[in-house]
Amino acid sequence: MEEKNKNKGKVRLIHFSDVHLGLEVHGRKDPQRGLHDQVRDFVACLDHLVRVALEERVDLVLCAGDAFEHTRPFPSVLRSFLEKVHKLAQEGIPIVLTAGNHDMPASRGEGSPLDIAPMIDPMRIHFKRAAGWVAVDTASGPVSVLCIPYASTLHLLRTEEMSGRSDDQVSTMASERLMSIIERQAHQPPERPGPRLLLAHLWVEEGSLSGTEKWVSTVRDPRISIRTLSRLNFSYGALGHLHKHQRLGDDAHPFVYCGSLGRIDFSEEKDEKGFCLVELRRKGEVWSTDRIDFIPTPTRRFFTLTLDISQESHPTQAILNFIDRRDDIRGAVVRLLIKIQESQKGLVNIPAVRAALQKKVEFIAFIRQETVGERIEPPVVSLPPESDWQHPVKLLAWWLEEKSGEKVTEVQKSRLLRRAQSLWTEVQKNDGGGV
């Protein structure tokens, strides 16, 4: 036991987050295996993570929230994630998980799907759905992990505290409340040697949002300053919630978003996806981050193809030739936007185009025709001063972009959003700022 609790001067870990296992948008469900294409994509990313963890002989794995897309995942989805966690534990690698907003139940009394994980191996699998420390014994010695699960403004503040206040005021109050929780916990670490790590699912205000968060992030969400976090003397901050990989803070004591493990949708098509392989070293009595390697995952590629055939005399053949030349789209998720003239409407053989694409790609999100020269007025989506905690017009815009497919044209989108904004503004006037 004495040798087990003695640090060797180096700790290696894997940090991953935002798997969103159970998301089923871009693909189809395999009736034989019971898994959707997008689920299989994310499971393949998890398999890659486990292989790297075993090959690199890491001491610890950290999951910074949003393991699942829903708080009640299908049994096959739940099993797929727990199998990977169990594999790590079987190989002697402890794993610490904290709750994100997607796997945190709305009601305090409800269970989270991650509640089951520690039952598999209580010694090596740890899940925290409330702020607090986890003392972990690794092959390289003890490590202390402060877990900060996602905390919404509605959980941090009482209704009467928010009443009559602007969104900025509410956000500031929630941020201060969350920071006080983090500071209070940070000053009460377990009395043991080894590095002190932060594992948190939160929004650092200096962080860059990807397309996904730009649509669904809430104006009242608490945001924490990196300057404040940096004063708390963590050796490494493993963050989740923002899907873009980024590093904040100083080199020796960084706070890192590893980003989402796989590609969620077309807003992330140009983002590299993966997880972080981190090495911590002790210099004297101080632990600091010595190295961070970003390890890409084999997630599916997303492509937005735009083709202008407005000057082509044989539009369908021009599209087929274009598809034939694009060897880079094999096995990818693709959406195709075709620019045509008004006079060409009806000349494009969409079934033939779809058949040609299907021979190369894994999934076609949509094939859409847009008339060249048609003026599309962008909708003005202004945020009311007293909006709901999730803005409905922004969510509608996200849905139209990601899920409406070829059934809704760009002109129709614009009209729908302008009408939705008008209705929302009217609701605000009649209800005095709430729904």
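Colleague: Why does Trp 133 count as buried?
Modeller: This is a predicted model, and the value comes from its atoms. The relative accessible area of Trp 133 is 14%. Buried means under 20%. So Trp 133 is buried.

Colleague: What makes the rings of Trp 133 and Phe 234 a tilted pair?
Modeller: Distance and then angle. The ring centres are 6.4 Å apart, and rings pair if their centres lie within 6.5 Å. The planes stand at 35 degrees. Stacked needs under 30 degrees and edge-to-face needs over 60.

Colleague: Which parts does the pair of Trp 133 and Phe 234 tie together?
Modeller: Trp 133 lies in strand β5, residues 132-138. Phe 234 lies in the loop between α8 (226-230) and β10 (236-240). The pair therefore ties together parts that are 101 residues apart in sequence.

Colleague: How do you know whether Phe 234 is buried or exposed?
Modeller: Its relative accessibility is 1%. The limit for buried is under 20%, so Phe 234 counts as buried. Phe 234 also belongs to one aromatic cluster with Trp 133 and Phe 255.

Colleague: How many aromatic pairs does a search of the whole structure find?
Modeller: Four. One of them joins Phe 68 and Phe 81.

Colleague: Why is the pair of Phe 68 and Phe 81 called edge-to-face?
Modeller: The centres are 5.2 Å apart, within the 6.5 Å limit for a pair. The planes are at 65 degrees. Over 60 counts as edge-to-face, so that is the label for Phe 68 and Phe 81. Phe 68 sits in the loop between β2 (60-63) and α2 (75-90), and Phe 81 sits in helix α2. The pair thus ties together parts 13 residues apart in sequence. Both Phe 68 and Phe 81 are buried.

Colleague: Which residues line the largest cavity?
Modeller: Phe 81 again, together with Phe 16, Leu 46, Leu 49, Val 50, Lys 84, Val 85, Leu 88 and Ile 95. The most come from α2, with four. By class, the lining has eight nonpolar, no polar and one charged. The volume of this largest cavity is about 40 Å³.

Colleague: What lines the second largest cavity?
Modeller: Tyr 150, Ala 151, Leu 178, His 201, Leu 202, Trp 203, Asp 221, Pro 222 and His 241. Its volume is about 30 Å³. The lining has six nonpolar, two polar and one charged residues.

Colleague: Why does His 241 count as buried?
Modeller: Its relative accessible area is 13%. That is under 20%, so His 241 is buried. It is found in the loop between β10 and β11 (246-249).

Colleague: What is the phi of His 241?
Modeller: About 120 degrees, a positive value, although His 241 is not a glycine. Most residues other than glycine have a negative phi. Asn 233 also has a positive phi, near 65 degrees.

Colleague: How do you know whether Asn 233 is buried or exposed?
Modeller: Its relative accessibility is 52%. Exposed means over 50%, so Asn 233 counts as exposed. It is placed in the loop between α8 and β10.

Colleague: Why does His 314 count as exposed?
Modeller: Its relative accessibility is 58%. The limit is over 50%, so His 314 is exposed. It lies in the loop between β15 (302-308) and α9 (315-325).

Colleague: How do you know that the sulfur of Cys 63 is too far for a bond?
Modeller: The closest cysteine sulfur, in Cys 258, is 8.2 Å away. A disulfide needs the sulfur atoms within 2.5 Å. So this distance is too far for a bond. A search of the whole structure finds zero disulfides.

Colleague: Is Cys 63 buried or exposed, and how do you know?
Modeller: Buried, with a relative accessible area of 0%. Under 20% is what the term asks for. Cys 45 is at 0% relative accessibility, so it counts as buried.

Colleague: Where does the charged end of Arg 368 sit?
Modeller: Over the ring of Phe 366, 4.0 Å from its centre. The limit on that distance is 6 Å. Arg 223 lies over the face of Trp 203, at 4.7 Å from the ring centre.

Methods
Residues are numbered from 1 along each chain as its sequence is written. This is a predicted model: local features need pLDDT of at least 70, side-chain atom pairs count only at pLDDT 80 or more; totals for chains, interfaces and linings use all residues. Side-chain values use heavy atoms; hydrogens and water are left out. Buried means under 20% relative accessible area, exposed over 50%, partly exposed in between (1.4 Å probe, protein chains only). Rings of Phe, Tyr and Trp (its six-membered ring) pair if their centres lie within 6.5 Å; planes under 30 degrees apart count as stacked, over 60 as edge-to-face and the rest as tilted. Helices (H or I, at least four residues) and strands (E, at least two) are DSSP runs, numbered from the N terminus. A charge sits over a ring if NZ of Lys or CZ of Arg is within 6 Å of the ring centre and within 35 degrees of the ring normal. On a 1 Å grid over the protein atoms alone, a cavity is a set of points where a 1.4 Å probe fits but cannot get out, and a pocket is an open set with protein on both sides within 12 Å along at least five of seven lines; lining residues have an atom within 4 Å of a point. Grid points are joined across faces, edges and corners, and a volume is the space filled by probe spheres set on the points. Ala, Val, Leu, Ile, Met, Phe, Trp, Tyr, Cys and Pro count as nonpolar, Asp, Glu, Lys and Arg as charged, and the others, Gly among them, as polar.
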